[in-house]
Amino acid sequence: MALMVGVSGVRGLVGETLTPQLVLEFAQAFGTLLGGGRVELARDTRPSGAMYAAAVEAGLLSTGCTVTRLDVAMTPTVGHAIVTGGYDGGVSITASHNPPPWNGLKFLDRRGLAPDPVFAAEIARIREQRAFRTIKSGFRPVAADADAGSRHAAAVLKAVEADLKPIRGVRVVLDSVNGAGCLVSPSFLHELGCEVIHINGEPSGDFAHPPEPLAENLTQLCDAVRKHGAAVGFAQDPDADRLAIVDETGRYIGEEYTLALCGMFVLSRRPGAVAVNLSTSRLIDAIAERHGTQVVRTAVGEANVARGIVEAGAVLGGEGNGGVIDPRICLVRDSLSAMSLVLQLMADTGRSIGQLVAELPRYVMIKQKFECPRERIAAAAAAVACEFAGLRPNTSDGTRVDFPEGWVHLRASNTEPIVRIMAEAESDAAAAQLVDRVRTAAGL
Ligand code: MG
């Protein structure tokens with residue numbers, strides 16, 4: 001598990017599995033696939049990022065690509081810059097929410113989309129076969145783009161639809177975990193009219209707490225919200241695509257609510273389809289129902305959700321891990337879009353985060369994993385689909401069954417011989433019961 005190669009890119013341990021040589025090869029493969037196009041290159045603040053950036057740059061240049069360096073930038077900034085600048089692709093050097101020993105690469109295609117499985121498999125094949133494009137002359141100069149983050153922020157500001165007067169001067173605590181969100185986010189919130197208290201705001205890559213924006217890692221943010229009497233606390237992960245929220249009482253509300261709150265705002269303005277993955281909470285269905293719109297469920301993975309947005313012409317998309325995609329800005333999960341939409345909801349409704357959350361149904365989600373040989377997982381998923389055929393299960397990624405009282409999603413892990421079962425219902429006991437029913441049907 002120390003090296004993960006998947007659809008969304010590569011992650012490994014710095015100085016161990018993720019060697020500069022490996023990174024170079026992946027960059028050569030990506031550059032080969034692009035046929036020597038124009039590529040944006042960014043990194044989060046991890047101290048090893050500059051080393052990997054040099055390797056990626058060498059790999060891209062060797063295949064005839066033109067490289068534009070963004071240096072430290074958020075992953076959504078890369079997505080925005082690709083589309084607005086007409087680039088052929090982008091690379092973000094980040095291990096996202098993984099702990100400090102990790103780093104990795106995320107690839108984006110010319111639409112600013114994470115690669116689909118075919119594109120990802122092509123990168124892997126070219127690397128394995130060493131079928132690299134190589135140029136002997138015609139090397140392109142390396143360009144720099146220091147303003148991509150500001151342009152991304154300006155685009156999100158320009159997309160504001162609500163009158164923000166009601167929240168002018170509202171106090172916000174922002175925890176950027178010393179990651180890529182440090183650079184643009186405070187001035188962005190200031191532009192939205194907020195008074196910003198920025199914690200862990202040095203872009204040093206020295207993460208002040210484990211960087212995944214989960215409750216147990218955000219006690220400092222919760223305390224700061226209470227201490228400063230703030231209206232809201234926002235937490236970004238190191239590449240600032242995910243956003244977690246703390247309410248005005250200093251309570252972590254859970255990442256599922258990030259998308260739900262954004263959905264409340266967007267659908268009140270522009271009712272339309274919402275695309276989410278199969279493991280995302282029913283909260284979004286409840287909101288869509290209020291507005292008479294539809295939720296499109298996709299396979300798990302940011303790329304699948306992004307494609308779902310495009311295919312459905314959705315007004316919003318995302319995942320239950322605090323990843324919100326506003327397709328007007330880019331097709332990458334974007335913490336700036338999420339912060340803007342939540343603040344606009346507060347301005348529009350005059351309600352606090354705690355009040356807004358209280359308006360939504362309460363669900364409990366449980367996640368369990370079981371060891372299961374990979375070859376048995378498909379049979380297990382099929383058995384579940386057969387057992388509950390009357391409930392018209394979704395089988396696009398494992399099996400998801402929607403019961404009247406909740407839902408269960410059984411799917412294979414991408415990286416381990418493990419089957420994951422997630423269930424959501426109105427209580428722990430009800431969710432556990434759903435897991436048991438599906439487990440029995442699966443023969444696990
Ligand atoms: Mg991330």
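**Ground rules.** I number residues from 1 along each chain as its sequence is written. The model is predicted, so local features need pLDDT of at least 70 and side-chain atom pairs count only at pLDDT 80 or more, while totals for chains, interfaces and linings use all residues; side-chain values use heavy atoms, with hydrogens and water left out.

**Sheet.** I looked up the strand order and found an open sheet of 7 strands, E1-E2-E6-E5-E3-E4-E7, with mixed pairing. Strand E1 (3-6) and strand E7 (143-144) are the edges, each pairing on one side only. Strands are DSSP runs of E, at least two residues, and helices are runs of H or I, at least four, both numbered from the N terminus. Two strands pair if DSSP finds at least two bridges between them. I then checked E3 (residues 38-43) against E5 (residues 89-93): they run parallel, joined by 5 bridges. Valine 39 sits opposite glycine 89 in E5.

**Magnesium.** I listed the donors (N, O and S atoms within 2.8 Å of the metal, or 3.2 Å for Na, K and Ca; water is not among the atoms, so sites may look incomplete). They are Ser96 (OG), Asp237 (OD), Asp239 (OD) and Asp241 (OD), at 2.0 to 2.1 Å. Their sequence spacing reads S-x140-D-x1-D-x1-D. Aspartate 239 and aspartate 241 are both buried (under 20% relative accessible area; exposed is over 50%, partly exposed in between; 1.4 Å probe, protein chains only).

**Serine 185.** I placed serine 185 in helix H6 (residues 185-191). Is serine 185 buried or exposed? Serine 185 is buried, because its relative accessible area is 0%.
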